[in-house]
Every structure is written in structure tokens, then in C-alpha cells.
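I opened my notebook to look through a new structure. Here is what I looked up, one entry at a time.

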Amino acid sequence: NQKRQAAQEGISKHNRDALQEIELAPVQRKIEARSAEDSFTGFVRTLYFADTFLRDSSRHSPSLWAGTNGGTVYAFCLRIPPAERRMDEPVRAEQAKEIQLMHRAPVIGIIILDGQSTPLPEPLEVAHDLSKSPNMQGSHQLLVVSEEQLKVFTLPKVISKLKLKLTALEGSRVRKVAVANFVSSKTEHSENDLAVLTNQGDIQIISLPSLKIQARYPCIRKEDVSGIASCVFTRYGQGFYLISPSEFERFSLSPKWLVEPRSLVKALENRENCHGHSTSGTEKTSKKSNSIRESRQTTGEPGGDERMTGRLMEHALLNDESVLKEIQSTLEDGRGSYYNRSS
């Protein structure tokens with residue numbers, strides 16, 4: 001009996017511990033390798049153009065990067081003819097690299113960092129002096145963001161350097177990712193971090209290139225699937241997502257750029273104006289009533305004062321006994337004369 005009781009207590013304790021673990025981490029799950037025979041693995045999920053060191057560390061060239069639904073990253077070296085021969089010669093693409101993620105999770109984003117670990121700017125902005133030219137002296141790094149993890153590789157030799165497993169640690173999946181520049185509200189310090197939106201509706205700020213979580217903010221309800229799917233980030237730490245088919249919500253992750261309503265009409269002045277309008281309206285109505293009374297007095301029309309005096313006279317006459325007796329006698333005399341005439 002004692003052995004049975006000890007065994008039952010051990011089983012109940014094990015069940016309690018298991019339930020406690022489930023309650024503490026209801027969304028955690030183990031990362032498992034996906035099948036390569038899925039027909040949707042070849043779908044392209046993201047495209048990225050960059051001028052980087054793709055073949056060797058001495059020459060950089062334009063390149064095209066493509067991430068698929070099966071966790072594969074393809075890198076193509078682009079051969080662009082000179083401007084004077086662009087109409088005659090086509091642009092050629094040659095595959096130079098292929099990276100296969102171990103767990104075959106869909107690739108959400110691809111970002112290349114320059115020699116100072118800064119994301120490469122847009123080439124068109126650099127051409128028009130809207131952004132600084134990238135540092136092409138040091139070695140570049142490749143950041144691959146999948147639904148389950150973030151991974152940094154060295155270039156041109158594709159060697160794994162760092163990784164951050166979001167799904168294994170927190171049970172969440174990456175839905176949106178973008179690089180944002182965060183500026184201090186007190187100093188001139190600025191840094192480039194990664195803004196990541198998960199399927200739980202929260203936004204995480206991850207440092208580059210160390211891949212450390214700096215902050216986490218609840219933003220969208222996890223049941224709001226359309227809001228999560230429609231979310232977009234700006235380059236300065238702001239974002240938008242749909243709350244209805246015709247309305248969107250704006251939010252800010254940066255203390256420098258606060259989202260606040262800015263109206264041209266001040267509330268206090270508006271109230272004073274409304275109060276002024278109301279008083280002026282009452283003054284107009286009183287003036288109008290006074291003018292009507294004056295016109296009635298001048299034209300002889302019965303006004304309010306005349307009606308009031310008439311009511312007072314009627315009340316006084318009806319309460320006077322002599323007046324009532326005189327009226328009664330007059331009515332009786334009228335009846336007698338009427339009878340005499342009829343006879």
C-alpha cells in the first residue's frame with residue numbers, strides 16, 4: 001500500500017510539473033526540419049539587390065538575392081552593360097551562391113551590412129546624395145531572416161557567424177522585418193536596429209550585427225491576422241497597419257518621432273468662440289424681440305403687455321360683486337324683452 005501511495009504521489013507531482021510548464025510557456029515548440037518534397041518550397045518570398053563582394057573580397061559587383069519558401073537563398077551576380085549599350089545588350093544573371101537553411105523555414109528578409117555593420121543604402125539615394133556611400137573597405141556580412149530565426153553570414157565566404165532563434169526560445173514566428181534608424185531624443189546619437197513583427201502581434205527591436213533583443217512592445221492583437229499581414233515599417237522607426245478596410249493605425253517605436261495629434265485649431269479658443277457665438281446669438285434674439293414689441297406698440301397691434309393687462313382686468317371684473325349683479329340683471333332684462341317681443 002505504501003508503495004502504491006508513493007507511486008501515485010509521484011505521478012501526480014509529475015503531472016503538476018508538466019501542467020506548470022505548459023502554463024508558463026503555452027506557445028513554445030521545438031523546431032523540426034521541414035520536408036523538402038513540399039510543392040510550395042520554390043515560391044520566392046523576398047528579393048534584394050545589393051552591390052557587394054559576391055565572388056571574392058577584391059571586387060564588388062551588383063547582385064540579386066532571392067529567398068524562397070523552402071529556406072533557400074540564391075545569389076546571382078548581375079552583369080550590366082554600359083549605359084551606351086543598354087539598348088543592345090541585355091542584363092545577364094549568373095548564379096554565384098546558394099544557401100540552404102537547416103530547418104527549411106521560409107525566408108522573410110535579406111539584408112547586407114557593409115564594413116561598418118551598417119545596412120547598405122539604396123543606390124538611387126546615394127546617386128542623388130540623399131544617403132551616405134557604403135563602406136566598401138572591410139568585409140561585408142549577410143543577414144538572413146527566416147520565420148524561425150535570424151542568422152548572420154560572412155561574405156564572400158559564406159560562413160555562419162551569429163544566429164538568434166526566436167521560435168525555439170519564445171515560440172513566435174517572424175511575420176515582418178525592416179531596418180530602422182533610431183535617433184536619440186536628447187543627443188545626436190543614432191543607430192540602426194532591426195524591427196521585427198511576430199505572429200503574436202508584438203514588435204521586437206534587435207541590435208545589428210550582434211542580434212541582441214533590445215526592447216519588446218505589444219502592438220497588434222494576435223487575433224488580428226489582417227492587421228499583422230498589412231503592417232509596414234518606415235526607416236525611422238514608425239509603422240502603419242490596417243484596423244479596418246478603410247482605416248489604419250500609426251505607431252512609433254522611436255522616442256525622437258512621437259505620434260501625436262497636431263491640430264491648427266486650439267481647444268480653448270474654440271470654446272471661447274463658441275461661447276461668444278452663443279452670447280451674440282442671445283443678444284440678437286433679445287434685440288429682435290424688443291424690436292417686435294416696439295413695432296407692435298407703434299402700429300397698434302396687441303403686444304405682450306396689452307395681453308397681460310387684459311387678463312388682469314378680466315380677473316378683477318369677475319371678482320367684483322356689483323359688476324356681477326349688473327351683468328345678471330342685464331341678462332334677465334334681455335330675456336324679458338325677448339319673451340315680450342315673441343308674445
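How much space lies in the largest pocket? I found about 1500 Å³. For a pocket, I used a 1 Å grid over the protein atoms alone and took an open set of points where a 1.4 Å probe fits, with protein on both sides within 12 Å along at least five of seven lines. The volume is the space filled by probe spheres set on the points, which are joined across faces, edges and corners.

**Source note.** This is a predicted model, where local features need pLDDT of at least 70 and side-chain atom pairs count only at pLDDT 80 or more, while totals for chains, interfaces and linings use all residues. Residues are numbered from 1 along each chain as its sequence is written, and side-chain values use heavy atoms, with hydrogens and water left out.

I listed 40 lining residues, and the closest to the centre are Pro119, Leu120, Pro121, Glu122 and Glu125. A lining residue has an atom within 4 Å of a point. β1, β2 (61–68), β5, α2 (123–127) and β9 each give two or more residues to the lining. The largest share, six residues, comes from β1.

**Whole chain.** I noted seven helices and 15 strands in the protein chain. These are DSSP runs numbered from the N terminus: helices are H or I with at least four residues, strands are E with at least two. Buried residues make up 28% of the 343 residues; buried means under 20% relative accessible area with a 1.4 Å probe, protein chains only.

**Cores.** Next I looked up the largest nonpolar core, which has 17 residues. Such a core is a set of buried Ala, Val, Leu, Ile, Met, Phe, Trp, Tyr and Cys residues joined through side-chain atoms within 4.5 Å. Tyr48, Trp65 and Leu142 are among those that touch the most other members. β1 (44–52), β3 (72–79), β5 (107–113) and β6 (141–146) each supply at least two residues of this core. Leu142 touches residues including Trp65, Ile110 and Phe153, not counting those up to four places away in sequence; touching is contact, heavy atoms within 4.5 Å. A second, separate core of 14 residues includes Val152, Val174, Val196 and Ile206.

**An open sheet.** I traced four strands in the order β9-β10-β11-β12, with antiparallel pairing; two strands pair if DSSP finds at least two bridges between them. β9 (174–183) and β12 (213–218) each have a single partner strand, so one side of each is left without a neighbour in the sheet. Five bridges join β10 (190–198) to β11 (202–207), and Ala195 stands opposite Ile205 in β11.

Definitions and conventions: Buried means under 20% relative accessible area, exposed over 50%, partly exposed in between (1.4 Å probe, protein chains only).
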